[in-house]
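This briefing covers a helix contact and the spaces inside a protein. Please look at the structure first, then read the points below.

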Protein chains: 2
Amino acid sequence: MNSDPDFEAKQKILSLLDTGELGGSGRLPSERALSERFCIGRRRVRDALAQLEAEGLIWRKQGAGTFAGRAVDPTGALAARIAGETNALQVMEARLCVEPELAALCATRIQPNAVAQLRALAGRMDPCLPNPENELWDSALHRLIAEQACNKPLLTCFAMLDEIRANADWVAFRARARAPGSFQQTLRQHARIIDAIAAGKAEAARAAMQAHLTTRFIALRDEATEL
Amino acid sequence: MNSDPDFEAKQKILSLLDTGELGGSGRLPSERALSERFCIGRRRVRDALAQLEAEGLIWRKQGAGTFAGRAVDPTGALAARIAGETNALQVMEARLCVEPELAALCATRIQPNAVAQLRALAGRMDPCLPNPENELWDSALHRLIAEQACNKPLLTCFAMLDEIRANADWVAFRARARAPGSFQQTLRQHARIIDAIAAGKAEAARAAMQAHLTTRFIALRDEATEL
C-alpha cells in the first residue's frame with residue numbers, strides 16, 4: 001500500500017468520481033468540504049485537485065466550481081443528445097416561444113453601440129452568398145439579440161436551440177423550404193425587428209420577431225407536409 | 001511499438017479525444033466514419049469502442065451517438081455552470097417566458113389520464129408540510145405540465161431552469177419571499193391552471209400560468225429589494 005499522503009489525497013478525491021455520488025452535474029464538493037470529509041489539509045486538497053486537473057480528470061470553471069471529466073461544452077452536449085428526439089418543427093415552436101421575448105427584453109436593455117452591430121450583421125446577408133453562409137449571419141444576428149436581452153438562462157436556452165438547428169440535415173431541409181422571394185422577405189423582417197429594438201419598443205420588437213419566425217414556421221411546416 | 005491491431009484501433013480513436021477536434025458536444029464520429037478514416041474494419045472499431053466504454057473513457061446514448069468522457073447529465077451540468085452567472089429574478093423572468101407557452105401547448109396535447117396526475121400533484125401541497133417538500137411537489141407539477149406539452153427542446157429549457165432554481169440558497173430565498181396567505185393563493189392559482197388545461201383551453205392556461213408566475217416574480221422582486 002502506498003502511504004504517500006499526497007497520493008492518498010488524490011485517491012480519496014478520485015474515489016468520489018467513481019461512486020456516482022456527485023450527481024448529474026458532476027460537480028465536486030468545495031475544497032473546504034473535501035478537506036473536512038477526508039481529514040486532509042486544505043493545501044493538500046488544493047495540490048491534489050491541481051494534479052487531477054493537469055491529468056484531465058477534472059476541470060474548473062471560475063465561479064461555478066470543479067467538475068468531473070473533461071471541459072466539454074454542455075450546451076453542445078445537450079443539443080447533440082436531444083437532436084435525435086426532436087425535429088425542425090419542434091425547434092421552431094420552441095424558438096417562437098423564446099425569441100419574441102428575447103427581442104422584447106433586448107429592446108429595453110440593448111447597449112447603444114450594439115444597434116449598429118445588429119444592422120451590420122443583417123446587412124451581411126446577401127442572396128448571392130451560398131446558403132450556409134447566410135445561415136451563419138442569420139444565426140449571429142439572432143444571437144446578438146439574445147445576448148443583449150441580458151438574461152443568462154434565456155440566452156442559454158437560445159444557444160441550445162441554435163446548436164440543434166445548426167445540424168447539417170436541417171440546414172438542407174430549411175434551404176428547401178425557402179421559396180423564391182422569401183429571402184427578401186427575411187431581410188425586410190430583420191429590418192423591422194431591428195428598427196423596433198433601436199426605438200426601444202419592446203412590444204413592437206416582440207411582434208416583429210413573432211411575425212418573422214411564424215413565416216419561417218409555416219414554410220417549414222409546408223415543406224414537411226410535402227415530404 | 002505495439003503492433004497489436006486491436007491496440008492500434010483503440011489508440012487511434014483515443015487520439016481523437018485528445019485533439020479537441022470533436023467539438024463542444026464531445027460526440028465521436030459514427031462507427032462507419034471511424035472505420036473509413038482510420039482504415040480499420042467495422043468489427044475492430046466496435047470492439048475498440050466497447051473497450052473504451054468499459055474503461056469509462058467514452059459513453060453511448062441510444063439514438064444520440066457516442067461521446068467522450070463520462071455520462072454526466074448535461075442539463076445538470078449546464079445549470080450548475082450558469083448558476084453563478086444568474087440570479088433568482090432572471091430565472092423567474094425566463095420561467096415567465098417559457099412556462100405560459102408550455103401550459104398552452106399542454107392544454108392542447110395532454111393525455112387524458114395526465115389531468116388526474118396534475119390534480120394529484122397539486123393536492124399534495126400542504127401548508128403543514130415543510131417548505132422543501134412543498135417545493136418538490138410544486139416542481140413536479142410544473143414538470144408534468146412541461147412534459148405534456150410534447151416539445152422536447154422546450155422541456156429541456158424548462159428542466160435547465162428547474163435545476164437552477166433547486167439551488168439550496170434560492171430555496172431559502174424563496175421561502176422568505178412567501179408572505180402569509182401566499183400559500184393559499186398558490187394553491188388557487190395551480191387549480192386555475194389545471195382547470196384550463198383540463199378544458200383544453202390553451203389561452204386560458206397560458207394566462208393562468210402567467211398570472212401565477214407573475215405573483216411569484218413580484219414577491220421575489222420585493223424580497224430582493226429588501227436585502
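A cavity is a set of points on a 1 Å grid over the protein atoms alone where a 1.4 Å probe fits but cannot get out. Its volume is the space filled by probe spheres set on the points, which are joined across faces, edges and corners. The model is predicted: local features need pLDDT of at least 70, side-chain atom pairs count only at pLDDT 80 or more, and totals for chains, interfaces and linings use all residues. Residues are numbered from 1 along each chain as its sequence is written, chains are lettered from A in the order in which they are written, and side-chain values use heavy atoms, without hydrogens and water.

**Cavities**
- The whole structure holds five cavities of 30 Å³ or more.
- The second largest cavity has a volume of about 110 Å³.
- Residues lining that cavity (an atom within 4 Å of a point) include Glu135(B), His142(B) and Arg178(B).
- H5, helix H7 (131–148) and H11 of chain B each give two or more residues to this lining; helices are DSSP runs of H or I with at least four residues, numbered from the N terminus.

**Helix contact**
- Helix H5 (residues 88–109) of chain A and helix H5 (residues 88–109) of chain B pack at about 150°, with axes 10 Å apart; axes are lines fitted to C-alpha atoms over the stretch in contact, and angles run from 0 to 180 degrees between N-to-C directions.
- H5(A) and H5(B) are therefore roughly antiparallel (over 145 degrees).
- Residues in the contact (heavy atoms within 4.5 Å) include Cys97(A) and Cys97(B).

Terms used: Parallel < 35°, antiparallel > 145°, perpendicular 65-115°, else oblique. 1 Å grid on protein atoms, 1.4 Å probe; cavity = no way out; pocket = protein on both sides within 12 Å on 5 of 7 lines; lining within 4 Å.
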